[in-house]
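Work through the exercises below with the sequence and the 3D structure at hand. Each task is followed by its solution.

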Amino acid sequence: MYDFAYHKPSTLAEAVGILADPEARPISGGQTILPALKHRLDRPAALVDLSGIAELRGIRREGDRLVIGAMSRHREIQTSPVVGSAIPALARMAGMLGDTQVRNRGTMGGSLANNDPAADYPSAALGLGATLVTSGGRQIGADEFFQGMFSTALEPGELLVSIEFPIPEKAGYAKMRNPASRYVMTGVFVSRGPMGVRVAVNGAGPGVFRQPEMEAALAANWSPETVAGIRQDPDGLNGDIHGSAEYRAHLVTVMARRAVLDAG
Amino acid sequence: MPSVSLTVNGAPHTVDVEGRTLLVELLREKLRLTGTHVGCDTSQCGACVVHVDGESVKSCTILAVQADGSSVTTIEGLAAPDGTLHPMQEAFREYHALQCGFCTPGMVMSAIDLVKKHPDGLSEHEIREGLEGNLCRCTGYHNIVRAIAAAQEVMHGRSAALAPAEV
Ligand code: FES
Ligand code: FES
C-alpha cells in the first residue's frame with residue numbers, strides 16, 4: 001500500500017470539502033478499500049475517514065420509512081431492533097454478509113457506494129425501492145442509483161448520507177454463495193408493499209437488476225411456485241471460473257423461489 | 001507523521017505511524033506483540049483477529065490511525081497477571097484445539113467475541129458458523145468447536161471448572 005495523508009473530519013461539510021480534491025477518497029469501514037489499496041489498485045493522496053461524522057449515523061423509523069445512516073455497520077443493522085421489526089429481511093441480510101469481523105467494520109453506505117456486483121445490499125435497495133440521500137442534497141431512487149459494475153449515480157466527491165427504505169408488507173432474500181470466497185454467486189431480493197412487487201437480482205449480472213417477469217407473476221399470485229417456472233435469460237449474465245452464465249440464470253429461478261419462501 | 005494513542009491490553013501507548021500502517025503492523029512491529037499473526041493479509045484467514053473496543057476485527061484490515069483512541073486486546077492480554085489462562089485458552093489446551101498453532105490466537109479472540117455475544121449459549125452448528133472468518137489448515141476444526149463449547153459454560157458461569165476432555 002502506498003502512503004497517504006489521513007483525515008478524520010467530524011462534520012459532513014468538512015469531509016465534502018476535503019473530498020473536493022480528486023486525489024482524496026472516503027473510507028468508511030475499510031473492508032473493500034483497504035484490500036484494494038494493498039493491491040495497489042488505487043493510489044489516493046488522502047483518505048478521509050467518515051467514522052467520526054454524526055450526520056452519517058443512526059437507524060430510525062420515520063413514519064412508513066426505515067432510515068439508515070450510511071455509516072451504519074453491518075453488525076448494527078443485523079442486531080437493530082428497529083430494523084428487525086420494520087424490515088426483518090434486511091436484518092437477516094446484514095447477518096449473512098461477510099463474516100463476523102467484516103460485519104463489525106463494514107458499512108451499508110460503503111457497500112452501496114461501491115456497488116460490487118457480488119455485494120448484497122444493492123439488491124435490498126433496488127428490491128425495496130429505496131431512496132439514497134446524498135451530501136449534495138440529492139434524493140436518488142434506487143432504479144437510477146445503480147449503474148452497472150462498481151458504478152453509481154454519485155458524483156465524484158459526493159457521499160451517501162442515508163438510505164430510506166419504504167417499509168414493505170413482506171420481503172425476503174436468498175443467495176447462493178461461492179463455497180470458497182463466500183461472495184454472492186446469485187442472490188434475489190423480493191418485496192411487496194408501497195412500491196409494488198419488486199424482484200431484484202444481485203451477483204448474477206455485471207450489476208444489480210430487476211426481474212420484470214417475476215414481478216408481474218408475483219403481483220398476480222404471490223407464492224414460491226409462481227416463480228419456480230420462470231426462466232432467466234442467461235444473455236448478459238456473468239460467466240467465469242466460478243459458474244457459467246447459464247448456471248447463474250438457473251440460480252436466479254431457484255433463489256427467487258427461496259426468497260419468496262423467506263418472505264412468507 | 002500521524003500519531004496514534006490507544007490502550008493495548010490495558011496499557012496506554014502513543015506511537016508515531018504512517019497513514020498506511022495497519023493495526024497489526026503497529027501491534028507486531030512497533031509494540032512487539034507478535035502473538036497476533038498475519039496469515040493472508042487479505043481479510044480471509046482470521047489469524048490477525050484482535051478486539052477493538054470489545055469487538056473482534058481483522059487487524060490486517062484496519063489502519064492503525066482508525067484505532068486511535070480505542071482500547072485493543074490481543075492474545076497477550078487474556079491471561080491473568082499471575083499467568084492463569086483465560087477459560088478459552090485453557091479450553092484450547094485441554095481439548096487439543098491446535099496443532100501448529102498458527103491460527104490459534106485469532107481463533108481464541110474470535111471465539112471469545114462469539115461466546116460473549118451469545119449469553120444463552122451456542123449450539124455446535126452456531127459455533128461452526130461463528131468461526132466463518134477463521135481458517136485452520138491443521139485441525140479439521142472439530143476440537144476447536146469442542147473447546148469453545150466447553151469454554152462457554154465457564155465463561156457464562158454455568159460451570160465452575162472446565163469439563164475435562166475425554167481421552
Ligand atoms: S491476516 Fe488478517 S485475515 Fe488473514
Ligand atoms: S492449528 Fe495449524 S492452522 Fe490451525
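On a 1 Å grid over the protein atoms alone, a pocket is an open set of points where a 1.4 Å probe fits, with protein on both sides within 12 Å along at least five of seven lines; its lining residues have an atom within 4 Å of a point. The model is predicted, local features need pLDDT of at least 70, side-chain atom pairs count only at pLDDT 80 or more, and totals for chains, interfaces and linings use all residues. Residues are numbered from 1 along each chain as its sequence is written, chains are lettered from A in the order in which they are written, and side-chain values use heavy atoms, without hydrogens and water.

**Exercise 1.** Describe the lining of the second largest pocket.

Step 1. The lining has 18 residues, and Gln78(A), Gly95(A), Arg103(A), Glu129(B) and Gly130(B) lie nearest the pocket's centre.
Step 2. Two or more lining residues come from each of helix 3 (74–79), helix 5 (88–96) and helix 6 (100–105) of chain A, and helix 3 (104–116) and helix 4 (124–130) of chain B. Helices are DSSP runs (H or I, at least four residues), numbered from the N terminus.

**Exercise 2.** State how chain B is divided and how its domains meet.

Step 1. Domain 1 spans 3–77 and domain 2 spans 87–155, with bounds from an automatic or database domain assignment.
Step 2. Between the C-alpha centres of these two domains of chain B lie 21 Å.
Step 3. In contact (heavy atoms within 4.5 Å) are 18 residues of domain 1 and 14 residues of domain 2 of chain B.
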